[in-house]
Amino acid sequence: MAPKFKFTPEHAKVILDLGKQGASQKMMFSTIGISRNTAERLKKDDPFFAETLDMAIVHAQSYWESMMLANVDNKNFN
C-alpha cells in the first residue's frame with residue numbers, strides 16, 4: 001500500500017498558481033501527483049486542502065471569465 005499523501009504548503013502554492021493560469025482540477029491533481037480519489041478523500045479530511053482547492057477553482061473560473069470577456073468580439077476565440 002502506498003503511503004498516505006500529505007498535503008503541504010508547497011503543494012498549495014502549486015495548486016493556487018495553476019488555478020491562476022486557468023488549469024483544470026485534474027491538471028492540478030496530476031501536477032502534485034494525486035488521483036481524483038485521493039483528492040476526494042482530502043477534501044473531506046483536510047480543511048487546508050479543501051480551502052486551497054476551492055480558492056484555486058475560483059481563480060481558474062475567474063481566469064476563463066476574463067479571457068471570455070477580453071475576447072468577446074474575437075470570432076476565432078473558441
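Guide: Start with Asp-17, which is partly exposed at 30% relative accessible area. Buried means under 20%, exposed over 50%, and partly exposed in between (1.4 Å probe, protein chains only). The model is predicted: local features need pLDDT of at least 70, side-chain atom pairs count only at pLDDT 80 or more, and totals for chains, interfaces and linings use all residues. Residues are numbered from 1 along each chain as its sequence is written, and side-chain values use heavy atoms, with hydrogens and water left out.

Visitor: Which side chain does Asp-17 meet in a salt bridge?

Guide: Side chains of opposite charge can pair when their charged atoms come close. The cut-off for a salt bridge is a side-chain nitrogen of Lys or Arg within 4 Å of a carboxyl oxygen of Asp or Glu. Here Asp-17 meets Lys-13, at 2.7 Å from N to O. Both sit in helix α1, four residues apart, about one turn of the helix. Lys-13 is exposed, at 54%.

Visitor: How many salt bridges does the structure hold?

Guide: Two. In the other case, Lys-43 bridges to Glu-40, with their closest N and O atoms 3.0 Å apart. That pair lies in helix α3, three residues apart, about one turn of the helix. Lys-43 is partly exposed at 31%. Glu-40 is also partly exposed, at 31%.

Visitor: How do I read a helix such as α1?

Guide: Helices (H or I, at least four residues) and strands (E, at least two) are DSSP runs, numbered from the N terminus. Check the length of α1: twelve residues, reaching 16 Å from first C-alpha to last. That is close to the 16 Å expected at 1.5 Å a residue. The expected span is 1.5 Å times one less than the number of residues. Just after α1, Gly-22 takes a positive phi of about 85°.

Visitor: Which residues of α1 are buried?

Guide: His-11, Ala-12, Ile-15, Leu-18 and Gly-19. They cover an arc of only 130° around the axis, so they lie on the same side of α1. The arc is that of the directions from the helix axis to the C-beta atoms. On the face turned away sit the exposed residues Pro-9, Glu-10 and Lys-13. The buried residues pack against α2 and α4, where contact means heavy atoms within 4.5 Å.

Visitor: Which residues of α3 are buried?

Guide: Thr-38, Ala-39 and Leu-42, within a helix that runs over residues 36-45. Their arc is only 100°, which puts them on the same side of α3. The face turned away carries exposed Asn-37 and Lys-44. What covers the buried residues includes α2 (25-32) and α4.

Visitor: How many aromatic pairs does the structure hold?

Guide: Three. Describe a pair of aromatic rings by the distance of the centres and the angle of the planes. Rings of Phe, Tyr and Trp (its six-membered ring) pair if their centres lie within 6.5 Å; planes under 30 degrees apart count as stacked, over 60 as edge-to-face and the rest as tilted. Phe-7 and Phe-48 make a tilted pair, at 5.3 Å and 55°. They link distant parts of the chain: Phe-7 precedes α1 (9-20), Phe-48 is in α4 (47-70), and 41 residues separate them. Phe-7 is buried at 3%, whereas Phe-48 is partly exposed at 39%.

Visitor: What does Phe-7 form with Phe-49?

Guide: An edge-to-face pair, 4.9 Å centre to centre with 90° between the planes. Phe-7 lies before α1 and Phe-49 in α4, so the pair ties together parts 42 residues apart in sequence. Phe-49 is buried, at 0%. Ring pairs join Phe-7, Phe-48 and Phe-49 into a cluster.
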